Amino acid sequence: MNGLVEVGIALLVAFNHAVFAYFLLLHGSYGVLLLRSFFAVRAHLREWSAQGEVDARLMASDLVLPISIIAPAYNEERTVVESVRALLALEYPAFEVILVNDGSKDATLARLLEAFDMYEIFQAVKQDLRSQEIRGVYVSRTHENLVVVDKVNGGKADALNAGINVATSPLVCAIDADTLVEPDALLRIVRPFLLEPERVVAAGGTIRIVNGCRVERGRIVGIGLARSPVAVFQVVEYLRAFLFGRISFNVLGGHLIISGAFGLFRKDALVKVGGYATDTVGEDMEIVTRLHRWHRERGIDYAVEFVPDPIGWTEAPESLQVLGRQRDRWQRGLLDTLVRHRRMLFNPRYGAVGMLTMPFFTFVEALSPLVELAGLAVFAGSLAVGAVDAAFAAMFLLVAFGLGVLLSVSSLLLEELSFHRYPRWRQVARLLAYAALENFGYRQLVAWWRVRGTINYLRGKKQWGRMERIGFGTARR
Amino acid sequence: MSPESIQTLLWAMLLSVTGLLAANLILIVGVRTARGIHELSTRRVKRRAAWPLAAFLDGELDLEAARARLEPLRRAPLATLLREHALLVAGETRERLEDLYHALGFGDEDRRDLRSRRWHVQLRAARVYGRFTFRGALDPLERLLEHERESLRLAAARALGRVGTPEAVARVLTLVGRTSAFGLIELVSILGEIGEPALGPLRTVLFEARDPRARADGAEIAGQIRAPALLPVLFAYAEDEDVEVLTRTARALGHFPDPGTPAVLRRLLRHPDWPVRAQAAKSLGRLADPASAEDLARALRDPSWWVRLDAAVALRRLGAVGEGRLRRVSHGADRYAAEMARRVLRVPVDRSAA
């Protein structure tokens, strides 16, 4: 019996050692990424310090590439009119807005037809990509550059494919109907395509949380933080993800995610790779990974860019239940993409994507919630059976939480040094407090949702899960 | 790893994390405070500089007196203020502002910065000379035209454009064919600011361009500047063998409502490569030349979807003549042409008929 106990304790200790090693690797990689981000953001800001004047010149030029904005909408009757108004008010010399009503069961289509004086026209759609049947194409009597596509429900990816088929511009901007894009965002996100037109196939912008901001006529007129702690935790998370995660991978050349909420693509590149995959819940990551794979396998020089200053503001879930469903879906999407493209993992043929990004997403992003929760459980068990010294345990937890806080606080510093979007001291103080607090409960909850997502993925669950929209009409607290 | 070494490592990590956290917090507070102080001081400088600056620009104060009043103010915000002011004034007032800027010694600092080893310092200085005319030998700007960063090359070109001498313009024109699409937009704007003095040298450069890339970019520049003096260049480019040159030439010609242009575009509408045909159709629409209706209607039967679309849109832009053609085609036997015509005419669907 004693022998068994000893073996058990030895196993616990060994597991703890493994978790510790993983922990070192995880935070070591985060540290490297963070450092890279600081330099990348600094160079970016220096390069584009005269952006205002450049924007004015781009606006006046007809050499900029036209953009088709594609916004899929499903049961968005409360927000769709305002979202479309915001899109139509964007500053860009040549763009069209294609809103794809993906078989909504509510009055989304009716609201649009009424608000923009739309009528159905005859239109044979060029079937570059497969999508569910298009029931009708509508144009507006008041806005020449607005098109509404009404189609049979097929999911977001399918709606995007239908939109791409209707698009008449060389660049297509995939946008969530509930995302508020800053007026100058298109002028900024298009830059990589103008700088390297032959190479750049996709570019993503930054996504921030709109909850708590003051919105008037589809524009952010006052940046604030929501009262809901769940929303503020997400503000910290998004700052971390966009300001250091994506920027640093961009520098390394292996940028893997362009948020579905706001991304710009070359239409011909999307068509060549077969458009968005309709059988995944992580279509935004999957399409970017496929773009990498397609170009690498054919030896074609290309680039996928991240541009930090074009900003889209998205609504974050304020209830734990909805947030849980979202994170569950994100995890399933991540795993699905990693499994589909597993041959890229550690494959030098795929360059930085195969050797750096894919391993990072596999062993850090996908596995970390499992390791974190298992580590905590085993750690607690080890403590209970005396396999780990209490003082050592306390110190380890302190270091772990300290590193978590450090990462978030560093992102806030980066935000402060660069974009400085939260003007009040009180807002920064709140963000700092939440950066610390998220380590006590919120982070573990997110880890659990992601573990649940992993289980659901293994069980083959492919549903999106319902999201609840509040709408942008007024200041939301 | 022994428990002792893990313990030591944890201690080291704990200390580092604590130190880094403290440093981060101090930096956040420091950066915000510094920003606040800077804003306050800028506001103060603006307030104190407002009268002497306005009085000098209006001629009420001479250069020496203005300098004496402005010199005691903090230099960095004052320089920023003057640079921002340069965007608001023109002509003689701007010249006076430039005199003041140089008299306060900012020009010397910028000239020194142009030779800095740090690219962002050079970039900032070069951008200043996009607003204030550079004074002195042009070599530091000329050197920047060869810098690996396009932003620096363009900033230097803008500064040289402001100088505007034949020598400076000639240097700017060395960038033709060496820019990205973004740089091309900037170059067009620089040449537009130089104006008339750039046209002669530009025409020569475009006629003599050997590289197809330079010719393609040259066609775009000509199309954007829209000076009749450049039209012969485009007519010459319309005979080019390079598809990219032809496509861009077709686009540029759409900006020249010259009697000779539609005929050239109609010829390009029959080119074997579809991008050239599509662009020619688009430009004919832009010129709204009714005599091209027949050719555009024929292009509705083009095998390329894009050519059909551009031809249909062009016909619509011709007004009644074009729309009449589109209506006839929309009931015609060619299914693809008819579909495109109906699409562009935005023919409403009559569900009741079905």
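Which side chain meets that of Asp240(B) in a salt bridge? In this predicted model, the partner is Arg215(B), with a distance of 2.6 Å from N to O. The two residues belong to distant parts of the chain, since Asp240(B) sits in the loop between helix H13 (231–237) and helix H14 (243–253) of chain B, while Arg215(B) is found in helix H12 (residues 212–225) of chain B, 25 residues apart. Asp240(B) has a relative accessible area of 16% and is therefore buried, and Arg215(B), at 14%, is buried as well.

**Salt bridges**

Over all chains, the structure holds 62 salt bridges.

| Salt bridge | N to O distance |
|---|---|
| Asp240(B) and Arg215(B) | 2.6 Å |
| Arg327(A) and Glu237(A) | 2.9 Å |
| Arg325(B) and Glu294(B) | 3.0 Å |

In chain A, Arg327(A) forms its salt bridge with Glu237(A); because Arg327(A) lies in helix H11 (residues 320–340) and Glu237(A) in helix H8 (residues 229–252) of chain A, the pair ties together parts that are 90 residues apart in sequence. Arg327(A) is buried, its relative accessible area being 4%, and Glu237(A) is buried with a value of 12%.

In chain B, Arg325(B) forms a salt bridge with Glu294(B); Arg325(B) is part of helix H19 (residues 320–330) and Glu294(B) of helix H17 (residues 293–299) of chain B, so that this pair ties together parts 31 residues apart in sequence. Here Arg325(B) is partly exposed at a relative accessible area of 22%, and Glu294(B), at 40%, also counts as partly exposed. Elsewhere in chain B, salt bridges with shared partners join Arg213(B), Asp217(B), Glu220(B), Glu244(B), Arg248(B) and Arg251(B) into one network.

**The sheet of chain A**

Chain A contains an open sheet of 10 strands with mixed pairing, in the order E3-E4-E5-E2-E1-E6-E11-E8-E12-E7. Its edge strands, each of which pairs on one side only, are strand E3 (118–121) and strand E7 (180–181) of chain A.

Parallel pairing is found between strand E1 (residues 67–73) and strand E6 (residues 171–175) of chain A, which are joined over four bridges; Ser68(A) has Val172(A) in E6(A) as its bridge partner. Helix H5 (residues 156–166) of chain A packs on the sheet, where this helix touches E1, strand E2 (95–102), strand E4 (134–140), strand E5 (146–151) and E6 of chain A, and the direction of H5 makes about 140° with that of E2(A).

**A nonpolar surface patch**

Phe346(A), Met355(A), Leu356(A), Phe363(A), Leu367(A) and Leu370(A) form a nonpolar patch on the surface, and together they have about 490 Å² of accessible area. Helix H12 (residues 351–366) of chain A supplies the largest share of this patch, three residues. Leu370(A) is placed in helix H13 (residues 368–385) of chain A, and because its relative accessibility is 31%, Leu370(A) counts as partly exposed.

Technical notes: Residues are numbered from 1 along each chain as its sequence is written. Chains are lettered from A and ligands numbered from 1 in the order in which they are written. This is a predicted model: local features need pLDDT of at least 70, side-chain atom pairs count only at pLDDT 80 or more; totals for chains, interfaces and linings use all residues. Side-chain values use heavy atoms; hydrogens and water are left out. Two strands pair if DSSP finds at least two bridges between them. Contact means heavy atoms within 4.5 Å. Axes are lines fitted to C-alpha atoms, for helices over the stretch in contact, and angles run from 0 to 180 degrees between N-to-C directions. Patches are made of residues with over 30% relative accessible area and no salt bridge: like charges are joined within 9 Å, nonpolar side chains (Val, Leu, Ile, Met, Phe, Trp, Tyr) within 5 Å. Accessible areas come from the Shrake-Rupley method with a 1.4 Å probe; for residues, only the protein chains shown count as cover. A salt bridge is a side-chain nitrogen of Lys or Arg within 4 Å of a carboxyl oxygen of Asp or Glu. Buried means under 20% relative accessible area, exposed over 50%, partly exposed in between (1.4 Å probe, protein chains only).
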